Amino acid sequence: MNERLVLVVEDDRSIQRILRDVFLKEGFQVRTALTGRDGMVEAGSRRPDFIVLDLGLPDLDGKEFLRDLRQWSDIPVLVLSARGAEEEKVLALDAGADDFLVKPFGVPELLARLRALLRRHDGRGSRGPFYRFGQVVVDIPGHTVHRAGELVRLTSVEFRLLVQLVRSEGKVVTQRQLLQEVWGPGHCDQTHYLRIYMAHLRKKLEDDPTRPAYLLTETGVGCRCLAEKADIPHLEER
Amino acid sequence: MPPRRCRRNTFSPVDDRPWKSAGPWLQAIAICVAATGLSFLVEGIVGASHLSLLFLAAAVVASAFCGLGPGIMASVLAVLGLDFFFLPPHGSFHVSGSDFVSLILLLAIALSIGQLAERLRRQAESARRGQERAQATARMSRDLSGAFSVENVSAIALAGIGGTFGFEPRISLDPNLEAPRGWSSIPLRAPRKTRGTLLVPSENLVGDDREFLETLASLTGLAIERIHFVEVARDALLRMEGERLRSRILSTLSHDLRTPLTGILAGVESLGAELDVVDESVRGKIRMVATEVRRMADLVGNLLELSRLQSGGVVLRQDWNSVVELIDGALRQREALLNGREIRIDVSEEVPLVWCDGVLVERVLVNLLDNVARHTPGESPVHLWAEGGDGVVRIGLDDGGRGFPEEGSGSEGRSTGIGLSLCRSIAEVHRGRLETGATPGGGARAVLVLPQDRTPPELPEDPE
């Protein structure tokens, strides 16, 4: 895990210094950039394993940065943004950001997000057939979902939605992305579909549907499912 | 450029109202007298029978140049003069049978020519007036097209109309103005609505003047309407600019205020980690600083949001939201703060989806939770509930504390200020309200009431 390179693109020098110290202490190598343009140059020449991007850069819109970056790289990017700027977050996520963190954030929170992103990124490319969260196992090729060993009957839309969520392994998927993937491009503003089907999924898969532990909604942004790839499906012998 | 004054009377040799001036009548008499005199002179040279041509000429000339009335008079005078002075018996109006016929013919010819001349003159006059009015209309519409204010428009219209008609009209922007005595009102009609009233002295209106004035009046109305819409467009542009500026200032402010807080929080936390502090009191202080910084950040966020909402022109990002998800989102944001409390949620499946700005409504719940955490003992339970019906959805939060502090009662009253103000503002922009009161058990109850005036569309078919 060591000798990984983190690129911090942040225009505030003191935050930049603190982030550098935090990452150095965790055993990462750190490069920093104060502007979006410098950040692009650094990202191109150093090939970092991870980018922390502030959305309030003076010279370049965070979305432009992400669009440029995503043309040649799938380096995980964590964006930092202010609370209340949900629209900005959605645009950044749609432009290719992997996750977001609201300012001001705590250090443990930051490190947790970073590790989750790296873990997900390491496993990328080998999209698993099986995913697991809590007592639920999702078998994508088999089109089945088991909860605590028992088969759960899902409608085809419920299953498609669940697949989109588990495949993102904890990453927020924006409402737009979900509606487009599950219902089709003509349904991007039918947000009530999502509300109703998320409620169905929670009812069938969560212990307490009112306080979900895995199928979470980020209001104004999208949804996430805290699922992981599973090597062996934990199924009872049929 | 002052409008060219052109009183139509100066162009016309004969007024429409010839009795007003004695000139043409005298001219007609003079012509007849001259013809009589000339006849005496040439009587010896030409025969008396030929003198009738001279009198006919006089009658025609008078008819042609002096107008209809004087022309008729001249014709009669010419016939009488010829009869009296030159037809036998001289000095008497007696006339022989053949002369009588020629006299009648003479009169008939003179009168017919007079009629024809008059008709021609009228046609020429009306053509000239038509041209004059076309020119006046064109001139006024050209001048009005350059006008930049309503005052400007009415000045141009007054000068144009006054110049054409020779009287002083008045313009009022009141479309329903009652005309005072002796004045006629003509509406300034424009495509969208009547923009005002033109007042003209009634006595000056003759013939088709009214129609012409109505044309000029609508030209004026059109110009006023154009200026009105220019102003509307400019105001809209200014407002848009203002909103853009305001939102840029707020977002810059938000960034600038949060950046140092982010620095402090990350700094304090990494300090705690770096020192590997064993001293529990130091770690407690670091935790306290971190908590206070987060509170400060929330305060800043509430303040900015409040000023955004209160400055008006807020665009709500409304879509369908589930009350359960909003409650859960708020609880996750305040997980650490509510640590250890018993939290009960009662939201039945009958509660409908709510059409609202989910981020703002979640903020209301977060602020209410903050309030609970701050004003109730650490172990007191929290009860969140929702119910629908009667065109509203009610989302409530009950706690086991001592109820809401009285308005303005010391420090506690102040500390709830910003958070609750923001909650109220958010409720208002949704056309809803925030109700605060007490639970039956004596705790505080806050209820967010949101209007439920639309239902989500049907879902598509979904086979199992």
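Helices (H or I, at least four residues) and strands (E, at least two) are DSSP runs, numbered from the N terminus. This is a predicted model, in which local features need pLDDT of at least 70 and side-chain atom pairs count only at pLDDT 80 or more, while totals for chains, interfaces and linings use all residues. Residues are numbered from 1 along each chain as its sequence is written, and chains are lettered from A in the order in which they are written.

A residue is called exposed if 12 or fewer other C-beta atoms, placed from the backbone, lie within 10 Å of its own, buried if 20 or more do, and partly exposed in between.

Most residues other than glycine have a negative phi, and most peptide bonds are trans. A cis peptide bond, with omega about -5 degrees, joins Lys103(A) and Pro104(A), and Pro104(A) sits in the loop between β5 (99-103) and α5 (107-122) of chain A.

Chain A contains eight helices and 13 strands, and 43% of its 238 residues are buried. The axes of α6 (residues 156-167) and α7 (residues 175-183) of chain A come within 9 Å and cross at roughly 135 degrees, where axes are lines fitted to C-alpha atoms, for helices over the stretch in contact, and angles run from 0 to 180 degrees between N-to-C directions. Two residues are in contact if their C-beta atoms, placed from the backbone, lie within 7 Å; here Val157(A), Arg160(A), Leu161(A) and Gln164(A) of α6(A) meet Leu178(A), Glu181(A) and Val182(A) of α7(A).

Leaving aside its neighbours within four places in sequence, Leu162(A) is in contact with Val138(A), Val145(A), Leu154(A) and Leu201(A).

The contact between the chains takes 35 residues from chain A and 41 residues from chain B. On the side of chain A that touches chain B, the elements giving two or more residues are α1 (13-25), α4 (86-94), α6 and α8 (191-205) of chain A, and the largest share, seven residues, comes from α1(A).
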